[in-house]
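Colleague: I am new to this one. Please take a close look at a single part for me, the interface, and tell me what lies around it.

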Amino acid sequence: MENENKKLSRRALLAGVAFAGVVGTVIAATPVVAEEAEVTTGPAPDLSQLTHEKIELVAPPYVHAHEQATTAAPKVVEFTLMIEEKEMVIDDLGTTVQAMTYNGSVPGPLMVVHEGDYVELTLVNPASNMLQHNIDFHSATGALGGGGLTLVNPGEQVKLRFKATRAGVFVYHCAPGGPMIPWHVVSGMNGAIMVLPRDGLKDGKGNPLKYDHIFYIGEQDYYIPRDREGNFKSYESAGDGYEDMLAVMKTLTPTHVVFNGAAGALTGEHAMKAKVGETVLIVHSQANRDTRPHLIGGHGDYVWDTGKFRNPPQVDLETWFIAGGSAGAALYKFLEPGVYAYVNHNLIEAVELGATAHFTVEGTWDDDLMTQVQPPTPIE
Amino acid sequence: MKVIASRANPSPSLWLPGLLLCSLLALIAVQSGLVPFPAAGATIERPETIIVPPRSFSSRLAGEFVRDRVPVDAPMATIERDRPIEIMKFQVGVFDYARCVADGACEAAAPRRKADGDVPVTGVNFNDAKDYARWLSAQTGETWRLPTVEEWAFAAGSRLVDHALGIETDSANPAERWIATYEREAALGAAASAKPEPRGAFGENELGVADLGGSVWEWTATCDGRTTLGIDGGVLTHIESCGVRILEGRHRAPMSAFIRDGRSGGCSVGTPPDNLGFRLVRERPWYAPLAELARRITG
Ligand SMILES: [Cu+2]
């Protein structure tokens, strides 16, 4: 079997066997970062007194149950991420990408802890994968965000613990060194963590803010190579498509900009739901490229555009800017029922490249906020 | 399908007893400019057609309807149709369309989804469909055109989808109808394959018309428009908007006439048609009743 031979070749390569060609390039870059694994983390904290809590992660746009504020003492919060390399369909044409994922989704799941908690992550790279991976938490301090301590080959797992010292929403992503870094990130290997202040979100004047629903939207730019006729190409494995994809990546012009891994992943039957009077917190991450979320027909009541909760939120925003390599959070209370589009307000990216999600919001119409004084009528 | 010479030939059964009459009529028709004269020497496969016999049927009127300031389902009309219609059994295929392009009479199609084999042409706009009809008419010496929404419904028979939401929405809450429409279209869109399939793949209705409501939506000649109804249901105002034409298929979709790819996104939250194509009807020649009479007489 052709495919199995390729797998074996990569395995052999990972074991240090000399190898040439594309796949050689893929793997050869990794030892650069592997050297960082020598970084030390200082004296291990005495965590024997702390509660350990194991969290089952859920796939975006949903988020595991959590307290919005807590009076409990800091905990050790345990998560497991299974790395899964798999083919994913990313648009309604059936275009595919050989995706690299945390827990099988693009983006990876949102983790929620409180400031002062310890995050204890088990990162598993099953033997069925072909590539080395790791994880760089922007919320962590030291060792390349943990990337230097977490590089795992297929068939290995690693456990990292870091203290969540800064409150906010932060990107995490794979960073296995050199050209592998952007390639893994634009193949889907990124997600976000939310570190809540222990006393919860505040409006900037000391008043608490609460949400009824939280949605996590990961925006993903893809760079899919095309054949001579302009059709998107598909590849048997990630390595096979590496060089072609790199060429597209260097144009800095994505072929797809999507929410939740695929165009239409958050529309139609997958549209997010809320009711009039409910408040939603929308966490939006972009691990690679700038973006500008906008809720058509609504607003950002309170927005942490840089995503960090010790800064007072901005209020009444129309569109907010999220810098590539960061996450932001926007709180909004729905005031009118209807279908809302949540877009990247570069509308070419929203409409042509896929960056559109929908909310359907049920409830009572408020005529005071808006009314159709005269329906469309022949001009008098 | 049979290959015919392009000269008009209303019915083979007329050849023996009706030769004289037919020739005479054809001569009159051509000389008086009532039917287009075929292009010299052209030979074309005559599209396979279905003759839908007269019957009474129901179809919702086209366009948007507003009653008492609230959007409502289009009224259902019962139509007594006393004449047959002759409609293409299949949607116009890629190979058929390619001949029009090769003749320089049609612009190239721009399909979003590439598919191999004898699939319906997709990635065509309303104007392309009209160009094709003009070309086919010239090639066959017959008159081909797009069906109206009503004619499409007549030929669709049991495959006609009732577009009504069938819900009484609160007149004070416009959002109820938006959400209901959104959810219904989302469910329709998610139900089936979006790829163009070989012609015939979606089966036939009881009349023998194939691929209705498959993955390819069909342009009609009907203009979009808005009709305001009074409380009693009478028409108060009607504005036609012919820059937008109605597509029929799994759901009814208004679309700007120049669009070849009905994708959605951004502010437009509805589910778009997967692919845009068409089929044509053959206009009944003015002498058709005579020909039918002759056929009846000659048994
Ligand atoms: Cu990776």
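Modeller: One definition first: accessible areas here come from the Shrake-Rupley method with a 1.4 Å probe. By that method, chain B exposes about 14,000 Å². Carbon and sulfur atoms supply 57% of that area. Keep in mind that this is a predicted model.

Now the two partners. Chain B has 299 residues, and 46% of them count as buried. Its secondary structure comes to six helices and 14 strands. Chain A has 380 residues, of which 55% count as buried. Chain A holds six helices and 21 strands. It exposes about 16,400 Å², with 52% from carbon and sulfur atoms. Take contacts between residues at least 6 apart: in chain B, 72% of them join residues at least 24 apart. The figure for chain A is 76%.

Next, the interface itself. On one side are 25 residues of chain B, and they contact 32 residues of chain A. Together the chains bury about 2,300 Å². Carbon and sulfur atoms give 59% of this buried area. Three salt bridges run between chain B and chain A. One of them pairs the side chains of B:Glu183 and A:Lys273, at 3.4 Å from N to O. Seven residue pairs are in polar contact across the interface.

Which elements of chain B supply at least two residues each to the side that touches chain A? They are α5 (174-190), β10 (217-229) and β11 (235-248). The largest share, nine residues, comes from α5(B). By class, this side of chain B has 12 nonpolar, six polar and seven charged residues.

Is A:Pro337 buried or exposed? Its relative accessibility is 3%, so it counts as buried; the cut-off for buried is under 20%. Leaving aside neighbours within four places in sequence, A:Pro337 has contacts in both chains. From chain A they include A:Val276, A:Val361 and A:Trp365. From chain B they are B:Asn173, B:Ala175 and B:Trp178.

For scale, compare A:Pro337 with A:Gly108. They are 229 residues apart in sequence, and their C-alpha atoms are 30 Å apart in space. A:Pro107 lies in the loop between β3 (96-102) and β4 (111-114) of chain A. Another cis bond runs from A:Pro60 to A:Pro61, with omega near 10°. A:Pro61 is in the loop between β1 (52-54) and β2 (76-89) of chain A.

Back to chain B and two of its loops. B:Asp211 is found between α5 and β10. Its phi is near 65°, a positive value in a residue other than glycine. With a relative accessible area of 3%, B:Asp211 is buried. B:Lys89 sits in the loop between β8 (85-88) and α2 (94-102) of chain B. It counts as buried because its relative accessibility is 9%. Its contacts away from its sequence neighbours include B:Glu48, B:Glu204, B:Ala210 and B:Arg279.

How values were computed. Residues numbered from 1 in each chain as written. Chains lettered and ligands numbered in written order. Predicted model: local features only at pLDDT ≥ 70, side-chain atom pairs only at ≥ 80, totals over all residues. Heavy atoms only, no water. Contact = heavy atoms within 4.5 Å. Buried area = accessible area lost by both parts, 1.4 Å probe. Salt bridge = Lys/Arg side-chain N within 4 Å of Asp/Glu carboxyl O. Polar contact = N/O pair within 3.5 Å; in protein donor to acceptor, adjacent residues only side chain to side chain. Helix = DSSP H or I, 4+ residues; strand = E, 2+ residues; numbered from the N terminus. Nonpolar A, V, L, I, M, F, W, Y, C, P; charged D, E, K, R; others polar. Buried < 20%, exposed > 50% of the residue type's maximum accessible area, 1.4 Å probe, protein only.
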